[in-house]
Amino acid sequence: MKLLLIEDEKRMAQALCEILRLEKYDVDHCADGLEGMYAVESGVYDMIILDVMLPGKNGFEIAREARQKGIKTPILMLTAKSELDDKVMGLDWGADDYLTKPFMTKELLARLRALARRNGNPIDGTLSFGDIALNKDAMTLICKDNKVRLSEKEFRILEYLIANQGQILTREQLAVKIWGYDSDAEYNNVEVYMSFARKKLNFVNAKVEIKAVRGIGYELRYDHV
């Protein structure tokens, strides 16, 4: 699951990124509100952890602008403020949950799990589409009695395609989702790993296919006939 952390306090951000990565979350970090808003607009994140007090654009503004633009990504708002009015404002402007600093790591992780459940993201390590299933814990692709181990990139490509079934994902979306903003990965990297993922689907005799849409990107299709 890909998370966006928007937090300007350096030590807090480093600690949170370390904790979340140990919990197997894929985390990108932005240190100011303007950069954070740009990342939010990419639409590649499954959840957003958003601080209120930020340079450039505060968390309330980011949440409100995201919702005005139709972005539905779940937002967990972090703040040192504990006043009721601030909590109400955050929720009214688009946050899904609110956590006041300082907080316990266990509570943060529990709230993220709750947001994932609320928004239909799997928390049992399994994701399925058509005749295939992905097991996150074992990093395997399964089709009936067949299964094969996936590399991290192969797994994340299939996970992203399944999570967005019925949609065409552009090469840019895939590059940012899988390699991140700070990566030097080029679009041909996407094509290479798409080829690897297709070979794994063929290996398990899946009817699910990754289809290229000329000039746009890729989508997942299931021919069950």
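1. Two strands are said to pair if DSSP finds at least two bridges between them. Keep that in mind as you look at this predicted model, which has an open sheet of four strands in the order E6-E7-E8-E9, with antiparallel pairing. Strand E6 (126-129) and strand E9 (146-149) stand at the edges; each has a single partner strand, so one side of each is left without a neighbour in the sheet. On average, and with direction ignored, neighbouring strands here are turned by 20° against each other.

2. How many bridges join strand E8 (residues 140-143) to E9? There are four, and the two strands run antiparallel. You can find one of these positions yourself: Leu141 has Val148 in E9 as its bridge partner. Helix H6 also packs on this sheet, where H6 touches E6, strand E7 (132-135), E8 and E9. The direction of H6 makes about 125° with that of E7.

3. Now turn to another sheet, an open one of three strands with the order E10-E12-E11 and antiparallel pairing. Strand E10 (169-170) and strand E11 (208-213) are the edge strands, each pairing on one side only. Helix H6 (residues 152-163) packs on this sheet too, touching E10, E11 and E12, and its direction makes about 70° with that of E12. E10 is joined to strand E12 (residues 217-222) by two bridges, and these strands run antiparallel. Look for Thr170, which stands opposite Gly217 in E12.

4. Next, a residue in a helix: Val190 sits in helix H8 (residues 187-203). Is Val190 buried or exposed? Its relative accessibility is 1%, so Val190 counts as buried, since the cut-off for buried is under 20%. Which residues does Val190 contact, leaving aside its neighbours within four places in sequence? They are Arg171, Leu174, Ala175, Trp179 and Tyr218. Take Leu174 from that list: Val190 and Leu174 are 16 residues apart along the chain, and their C-alpha atoms are separated by 7.0 Å.

5. Finally, have a look at Asp28, which lies in strand E2 (residues 26-30). Asp28 has a relative accessible area of 16% and is therefore buried, again by the cut-off of under 20%. What does the side chain of Asp28 make with the side chain of Tyr45? The two side chains make a polar contact, at 2.7 Å.

Conventions:
Residues are numbered from 1 along each chain as its sequence is written. This is a predicted model: local features need pLDDT of at least 70, side-chain atom pairs count only at pLDDT 80 or more; totals for chains, interfaces and linings use all residues. Side-chain values use heavy atoms; hydrogens and water are left out. Buried means under 20% relative accessible area, exposed over 50%, partly exposed in between (1.4 Å probe, protein chains only). Contact means heavy atoms within 4.5 Å. Axes are lines fitted to C-alpha atoms, for helices over the stretch in contact, and angles run from 0 to 180 degrees between N-to-C directions. A polar contact is a pair of N or O atoms within 3.5 Å; within protein, one must be able to donate a hydrogen and the other to accept it, and residues adjacent in sequence count only if both atoms are side-chain atoms.
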